Every structure is written in C-alpha cells, then in structure tokens.
Amino acid sequence: MSSSPAQLLPDRLPILALNNIVIFPLLAVSITARRREDIELLLDCQKKNELIAIANQRRAGTFPLTYDNIHPVGTACRVSQAKLKNESQLEAVLEGICRISFLRLLNTGKQPQALIAGYQESAQQHSDSTTQMLMESSLSLLKACCAAGQPLPESATSLLDRISNPGHLADLIIIYLQPDFTIQQKALSLTNPKDRLKLVHQLLYEGQKKLNKGVPGNPDTARPRQTGPHGVRNENEDEELSELRTKITELELDKQIHKAITKELDRLERMNPASPDYHNILHYVEYVSELPWQDENRENIDLNKAEKILDEDHFGLDKIKERILEHLAVRQLNKDMKGPIICLVGPPGVGKTSLGKSIARAMGREFIRLSLGGVHDEAEIRGHRRTYLGAMPGKIIQEIKRSASRNPVFMLDEIDKLGRDFRGDPASALLEVMDPEQNNSFVDHYLNLPFDLSRVLFIATANQSDPIPAPLLDRMEIIALPGYSEEEKKSIAYRYLLDRQRENHGLKEERIVFTDEALDDIIDHYTRESGVRNLEKMIGKIMRKCARDKVAGKTVPKSITSRDLKELLGPTRHHKELAAARSHIGIVTGLAWTPTGGDILFIEAALMESEKGENLTLTGSLGEIMKESAQTALSYLRSLSPSYGIEGDFFEKHLIHIHIPSGSIPKDGPSAGLAIFLTLLSLASGRIADHQVAVTGEISLSGRVLPVGGIKEKVLAARRAGITNIILPRENLKNLEDLPLAARDEMNFFGIDTIDEAVPLVIPSLNSVREEGITQKSHAKQNVTFSAPTSAN
C-alpha cells in the first residue's frame, strides 16, 4: 500500500513567506524572489531536491518571521525550477504537494524552519451522499457560469468530470474562479474537503445570480467588467489584444499561418484572464508576433569588399573564402537562391568558429552561434509541445528570434559531438533543418507553424566527420581546414596574434617584438597543435609578464628572443621528433596523422628465436587496423621470400617483434602498412633502410599501394623533422597542391603504385631477382620521382 504525500513529509521544513499568493496542492505557480535570503533558500532546495513550506504573511514585508504574522495553514511545495535573472532577482516555479499546518517556528540559522503537520485526504474519506450532491451541483453551476461567460477548455472540462476526490475538485474550481486573496486563503485553510465544496458552491451560486441580472443583448451587463483577477478582462487587456491583432495583420503572413494565429487570438478574447491557459496562449501569440517572418538583413554583395574583410580576419583558408565569394556572386544573379549548408572540418584552433563571424561580417548579416557539444535532447532543436509545463521553442527558433532576422549566418558549432539518449536523437531533428529542400517549412513543436529557414546560411563545424551520422553528413558541403604549417603559424602570429595580445594586456603603446627564432621555439617546443590556439596562449602568457613588469615600474623588454623563453614560459613542454642520425637495419621512418597535425614514426623490428610456433609480436598501443596491416605486410613478404633471397623457413624459425614508439599513445589506421613491410624486409634481408626517406601508404596482399589521408599534415611533419624525401601512393600526388609553396620547393616526392617500387628507394642495396621487379624499379625511376615545384603546382 503506497503512502500519501502527507505521510511522507518530515516534521520540519524550511519556510518561505509570500504576500497574497496562495499555492494550492496540484498547482504549479511561478514566483519572483528578490530577498537574498529567499533566493539562497530556493536555490538550495532545488539543488538538494528538498521540500519547502510556503506561508502567507498577515502583514506583508515584516521580517523576521513570527508565528503570529503568518496564516496557520500553508502548502508544502517542491521547487521544480529556479533561474537567476540577475544578482537580486530569481524566478522559480513551485509545485504544491499537500496542505500543512504550522505548529511552531524554529530560528535555527540564516533561514527559519517550521514544525509542521500534513493533512491527508482521500476520495473514500468523504464519499457520502451529501458530498456527492455538492460535487455534482458545483460542476453544474460551474458549467452554467462558463456558458454565460468564459467557456472552459475541453481538456479542463474532461478533467473536472473525471475527478473523484472532492477536495481536489474544490481546489481546481477555486483556481479557475480566482477570487480575492482572503477567499483563497480561507479555501486553503479549510482542511475538510466538504467545507471547501460548500464554499465553492456558494461562490458559484453568487456568480450565477450576478450573471442572471445582466440584460440579454447588452454585453456590458451580460458580462460585467471587473478587475483581472476577479472575473473577466479589463480595458487594458482588451487594448493589448487589439494591438496584437493589428501587429499580426501587419506581418503579412502566409494565409494558413495567419489563420492559425487569428484562431488563437479569438480564443483569448473569449477567455477569462484568470484561466490558467490564458497567459500561456497570450505568451504564445506574442512570441509568434515577434518572430522575423519578413525581416532580414540587407546583404553586402560587393565581392571586393567581402574578400577584403575575409583576408583581414583570417590568413590562408583559400577554399572557404572562395566558396563564400562564389555564393555572393550567385546571390547577385539569383536573389531567391537557397542558403547552402557548409560544414567546416578541421582540428582545434584552425579558426573554424571565428571564420563564421568573418563570413557574417563580410556578407553584412547577423551572426548566431549555437554550440551542439553534449546536446542530448531532441527538444533542444525542435522545442517542446505546448501541452508541457514551461514549454518553449527550440534553440533554432529562439536564436532566429533573438537575431531579429530571417537570413542570419547560423553556426552550428561542434556538430560531431551531438549526443543521443532516451530523450531522442538531436541529429535526426537536424535533418530537416540542414536540408535546403525541406527547411523552407521547418516546424518547431512549440510554434506548430512552418517557418522558412531557406534564407539562413548554415555553417556547421566539426573536428572530424566520422562521428557525424551519414544522412546528416550527406546534406552538408564538406570543406576541410587542414592544420597550419610552421610558416603559416608564424605569419598568423605576426599579422594577428601579437597585436591582439598586446592590446588585450594593455601594452598597445609598447612595441614588443618576437624574433623569428623565438616564435620557432614556441611553435616547436611549447605547443603541439594544428591550429594556433595554444600559440596565442603562450604569447598571452609572455604579455602578462610584461604587463606585470610595467605596473611594477620595471623595464619592459622590447624584443623577445629564444634565450628569454625559459624564464618566461618555463622548461620546454614538447620534444621535436627529428630524423634518425643514421640508417639502421630494421628501422624505417613512417608518417602519421594526429588530431594535432602530423608526426613521424620510427617503426622498429627485432629478431629472436621462435617459441611455441609464434612468429609475430606487436607492441606500441596499436589498434586492430594497424595490427591487420602488420599481418598483411608479413604475409606478402613471406610470399616473396625467394625473390629477396630470404630462406624459405626463415619465418618459421624466428619470432619477429615490431614496436612503434611512443607506447603510451594509441595508434591505428592502415597508412603504416608500407612502412611496416619495408621494416620487415630490411630486418629479414639484413640490409640497411635509408633514414632520410619517409613512407606512407596502405598495402594489399596483391602488392598494390593504396591512397591514404592526411597527406598535408604528414608531409609537414617530415619537413619539421628534416626529411626531404617522401614516398606516397601515386593517387595522393594530387593532394600535394594543398602544401605551402616553400614545402614543395624543398622536398622530393615519389609516387608509387606497387610495393616493389618502394624497395630500391628505401633499401638501395637490395636488388630483386624477379624480372618484373626490375621492370617496376626502372618504371619508378623514370616516371614516379618528380620535383614538387614542377609537378604539384
């Protein structure tokens, strides 16, 4: 048998005093707290999920509370919502649980507490014939009053007909009638449900007598105008609805939308302002009227001006700049063009978010940024239906309303970090938003009206495209933003970061300069990233120390050199991986892509006597794909053992151990397959592998070398390490166009189609005895090796 709320109450509760606001059980009421003590109490109760005792003062605003100054019957409530509007104002929603009587007040600290006793009610407790007659008569009188005045919503009528508890019925009718405070407090104090029903019956009977005195045909007598809380609408409320109707008419909305909003306005005019639904509908109509149905920013269509703004704000990023300028050019030719859906994919710190602001500035539009990281609830996108308490529109409509424009630049940040749980799938909710063929009639659950999003320029950002669901990814135009090279980072520092940090730290007057060597050392030894976020942090750290020196009256350095970095930034944080000092047997330099850019890998192999039939051991935190690549490389090498002069039983007699430092960093992917094969070949043949050559490429059992990703980052990593010769799949040669011109000038690239083509380039002393292998080597020398300046431009 379950316990009632009154039985579960503690014997004491913290007490909050209100003025002329009665909260009945089963009713949720919004209040505003301004006293610091009340704000702290409400926040504390919400955080701890504790109940609170609500009492009304006899003399308003009298503190500290005394037992004589409160009404003896109040309500135990739960704080369902509490939101700070500012430091001195908090809005909270209190849900009534049950009636309580105050036995004594206890001053036990900052907030007083009250000894209480709860009142338990049940439908069976007062189910006698007299009570049933009172319930039926009260319902009849209520419907009669409503027929002559404000009709009840169908949902309310259905609810009242189903209530079997006389106390609950009396409370709901009192809530609907909204009499003055004295009568409401009297109803709350009547703990006997039958007594409350008698009070309700008397109020309804008196109300019907007043309505019957009205003259038919004269609305001023048939529906007497009283003050808002006591009856129907007053003059100010009528004027407010008239202004809303005029505003809706002036919006020139679509016929169906105008019809739907007008219907809500008609409902408002027939409703009693005391009805619980009145303010919900009023808020809805006001919200709809404030949306930018026709308002939009006047676009900047001057391509030269837009290009200048983009170049001022960001270095490089030519592809995205070109795409925006193309969009502006098409907009000049076709004003009704739908907004594109662009997704910027790149590592952290390359300027994806700030690029959105620049695009908005270049186009002359409002900029909106919505972070999607960690969003799990579909309602965050589509909104809540109006049937829910505290319903509101989704973030899309909220931000459109805030911008007051129907054609902003809308950035959906971190779209690859959307969550998903029992509350729904936000990614699925975004499918309609991100589809140019559908978003011209996007329906938010709260509005329940189609809103045109086709003029919005949506720009999504992501660090990786893999976590984005395929249907959502298919709707977007992917533009990759690769990491910056060292030269690009230095250019960005000189053009943007140094001046910005000087100004941010109050050093605009001081012309502090950084030497090239100092910036190189910061980039190499104090940051490890594809972007420039941490580089700017390091520069900011130096500027803070200079600011402190200036305030302390010390001399501010005019130049920051490499020698100053240890004192200013401390010991170096990262070790720059350099090429091996000399060539070895069983060690080949591979290339890897990482979230912070690229890196070189030293793939090492060692031989030992085989035990228990094992022939391959892998270490270095390798993923499943990389382990499979190692197994593929070993199988292919075993199939060609005689061609390279390797004894047939070599692999049965020996255990091969492959290790890839650093062991604590997880590694995965197929692009190390070619480097692993060459490492095994060098080890098995006893021939030295050239340490000045770096290798990348996936391999197959048929000996083909397949294309891989991250070419720009890998090549720049090799360049930082001092390696100038790169072997890569022939199909990846086209990706060299993304490299800085200086990198292409300095380096040699060898595009290959088969594994055998790589052998003489990495292990020059090893000659294949197979005739086709000799042919492939010759083919590689003639056509594959090329100088980047002539082939990659």
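This is a predicted model: local features need pLDDT of at least 70, side-chain atom pairs count only at pLDDT 80 or more; totals for chains, interfaces and linings use all residues.
Mentor: Residues are numbered from 1 along each chain as its sequence is written, and side-chain values use heavy atoms, with hydrogens and water left out.

Trainee: In which helix is Arg-544 found?

Mentor: Helices are DSSP runs of H or I with at least four residues, and strands are E runs of at least two, numbered from the N terminus. By that numbering, Arg-544 belongs to residues 533-551, which form helix α20.

Trainee: How many disulfides does the count come to?

Mentor: A disulfide is a pair of cysteine sulfur atoms within 2.5 Å. For Cys-77, the closest cysteine sulfur is that of Cys-98, and the separation of 9.0 Å is too far for a bond. By this rule, the count of disulfides is 0.

Trainee: Is Cys-77 buried or exposed?

Mentor: The relative accessibility of Cys-77 is 0%, and Cys-45, with a relative accessible area of 1%, is buried. Because its value is 0%, Cys-77 counts as buried.

Trainee: What separates the C-alpha atoms of Lys-305 and Met-363?

Mentor: Lys-305 has its place in helix α11, residues 303-313, and is partly exposed at a relative accessible area of 47%. Lys-305 and Met-363 are 58 residues apart along the chain, and their C-alpha atoms are separated by 9.3 Å.

Notes:
Buried means under 20% relative accessible area, exposed over 50%, partly exposed in between (1.4 Å probe, protein chains only).
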